[in-house]
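Q: I would like to learn how to read a structure such as this one, feature by feature. Where should we begin?

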Amino acid sequence: MERVLITGAKGMLGLDVIDVFRETYEVYGRDIDDFDITRDKETMDAIIRIRPNIVIHAAAYTDVDGSETHLELANSVNGGGTKNVASACRELGSKMVYISTDYVFDGTKSGAYSEEDPTCPINAYGRSKLEGERWVRTLVDQFIIVRTAWLFGRGGNNFVKTILKLAREKGALSVVNDQVGSPTYAVDLGRAIYVLVEKGCKGIYHITNGETCSWYEYTQEILAMSGLGNISVHPISSDQLNRAAKRPRNSVLDRGKFERETGYRMRSWREALMDYLKREGKT
Ligand SMILES: NC(=O)c1ccc[n+]([C@@H]2O[C@H](COP(=O)([O-])OP(=O)(O)OC[C@H]3O[C@@H](n4cnc5c(N)ncnc54)[C@H](OP(=O)(O)O)[C@@H]3O)[C@@H](O)[C@H]2O)c1
């Protein structure tokens with residue numbers, strides 16, 4: 001049985017990726033309390049002990065606004081930490097799957113972003129994740145870079161949980177209406193990563209759930225599906241929110257390459273959201 005190491009195992013994506021791979025692989029889930037990816041020797045030693053055939057690298061510093069002020073931390077985890085994981089993959093000849101982000105783009109394109117579109121991050125988090133991509137491409141022969149966006153899942157905090165909490169506390173919400181993307185269920189992304197690995201795919205892939213929306217439209221759907229359609233939601237602009245990190249206006253990723261090469265179709269985010277809310281007992 002092939003051995004798969006998943007970093008960031010206790011994170012939102014890691015939890016669901018473990019479940020998907022557990023069925024047919026010997027899975028090793030590891031997080032910062034096992035080894036800190038910013039420490040090169042610790043990381044190399046830990047990965048060599050496991051001798052994985054495949055490493056799914058989901059560990060990251062994911063605080064987008066925090067990355068503006070904790071620039072060194074973001075770079076050392078997302079850039080340097082990824083270099084350390086990639087170096088171990090190179091040493092062992094392991095395949096590596098790196099989870100990247102729509103934030104490598106500036107969001108000014110009018111259509112969906114393809115894998116060939118030039119990257120141009122507009123915030124510190126995006127720059128640090130792009131640095132991680134560069135290390136993976138430089139150090140690992142058999143790599144897959146999966147760019148995804150707007151994740152929700154049972155682990156950790158996510159937008160859906162935040163909206164439901166605020167709706168109960170406040171009764172009325174203001175949500176940005178000028179950023180567009182595709183919400184993506186961690187379970188569905190986990191299955192898509194499994195398909196990529198099983199099919200022996202290599203290179204960069206864009207993977208999200210199907211169809212697009214703004215955060216405002218997403219919020220309306222979350223509330224309606226949760227029986228909270230009576231809560232009023234006001235559309236606002238990103239400028240009104242005034243957050244530390246700029247966000248791309250357009251985060252829509254083109255899944256065409258993934259779907260053509262694997263024959264696997266990602267369902268719509270609405271279908272996935274309904275599934276998630278049912279599992280969480282929120283409908
Ligand atoms: N969430 C999204 O919307 C989104 C969108 C696009 C791409 N992504 C990418 O998808 C991947 C998974 O995201 P996620 O939302 O599941 O993230 P998450 O919930 O924040 O999980 C990341 C995990 O990595 C761990 N970690 C942080 N620093 C570490 C270090 N130095 N050494 C070892 N482990 C460390 C974290 O531990 P602590 O919690 O203890 O810090 C956490 O368990 C990330 O690569 C992220 O960049 C996420």
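This is a predicted model: local features need pLDDT of at least 70, side-chain atom pairs count only at pLDDT 80 or more; totals for chains, interfaces and linings use all residues.

A: Begin with how elements are named: helices and strands are DSSP runs, numbered from the N terminus.

Q: Is R247 buried or exposed?

A: The cut-off for buried is 20 or more other C-beta atoms within 10 Å. R247 has 22 such atoms, so R247 is buried.

Q: Which residues does R247 touch, apart from those up to four places away in sequence?

A: R247 touches Q179 and S238. As for distance, the C-alpha atoms of R247 and I204 are separated by 22 Å, and the two residues are 43 apart along the chain.

Q: How should I read a nonpolar core?

A: In soluble globular proteins, nonpolar side chains tend to be buried together. Here the largest nonpolar core has 79 residues, and I6, V17, I56 and M96 have the most contacts inside it. Helix α1 (residues 12–22) supplies the largest share of this core, 7 residues.

Q: What is I6 in contact with, leaving aside neighbours within four places in sequence?

A: The contacts of I6 are G14, V17, I18, V27, G29, I56 and A58. Two of these, V17 and I56, are named with I6 among the residues with the most contacts inside the core.

Q: How do I read a helix, taking α6 as the case?

A: An α-helix has 3.6 residues a turn, so residues three or four places apart point the same way. In α6, the buried residues are V160, I163 and A167. Seen down the axis of α6, these buried residues fall within an arc of 65°, so they line one face of the helix. The face turned away from the buried side of α6 carries the exposed residues K165, R168, E169 and K170.

Q: What covers the buried residues of α6?

A: The cover includes β6 (151–152), β7 (172–176) and α8 (215–225).

Q: What span should α6 have?

A: Helix α6 (residues 159–170) has 12 residues, so at 1.5 Å a residue the span should be 16 Å; the end C-alpha atoms are 16 Å apart, which agrees. The buried residues of α5 include A124, Y125, W135 and V136. Among the elements covering the buried residues of α5 are α3 (66–69), α4, β4 and β5.

Q: How do I read phi?

A: Most residues other than glycine have a negative phi. R51, in the loop between α2 (40–50) and β3 (54–57), has a positive phi near 50°. W150, in the loop between β5 (143–148) and β6, also has a positive phi, near 50°. R51 is exposed, with 11 other C-beta atoms within 10 Å, whereas W150 counts as buried, with 22 C-beta neighbours inside 10 Å. Just after α6, the glycine G171 takes a positive phi of about 85°.

Q: Which residues come nearest to the ligand?

A: Of the 26 residues around the ligand, these are G8, G11, M12, L13 and A60. The elements that give two or more residues to this shell are α1, α4 (71–92) and β4 (95–101). Helix α1 gives the most, 3 residues. By type, the shell divides into 13 nonpolar, 9 polar and 4 charged residues.

How values were computed
Residues are numbered from 1 along each chain as its sequence is written. A nonpolar core is a set of buried Ala, Val, Leu, Ile, Met, Phe, Trp, Tyr and Cys residues joined through C-beta atoms within 7 Å. A residue is buried if 20 or more other C-beta atoms lie within 10 Å of its own, exposed if 12 or fewer, and partly exposed in between; C-beta atoms are placed from the backbone. Helices (H or I, at least four residues) and strands (E, at least two) are DSSP runs, numbered from the N terminus. Two residues are in contact if their C-beta atoms, placed from the backbone, lie within 7 Å. The expected span of a helix is 1.5 Å times one less than its number of residues. The arc is that of the directions from the helix axis to the C-beta atoms. A residue is near a molecule or strand if its C-beta atom, placed from the backbone, lies within 6 Å of it. Ala, Val, Leu, Ile, Met, Phe, Trp, Tyr, Cys and Pro count as nonpolar, Asp, Glu, Lys and Arg as charged, and the others, Gly among them, as polar.
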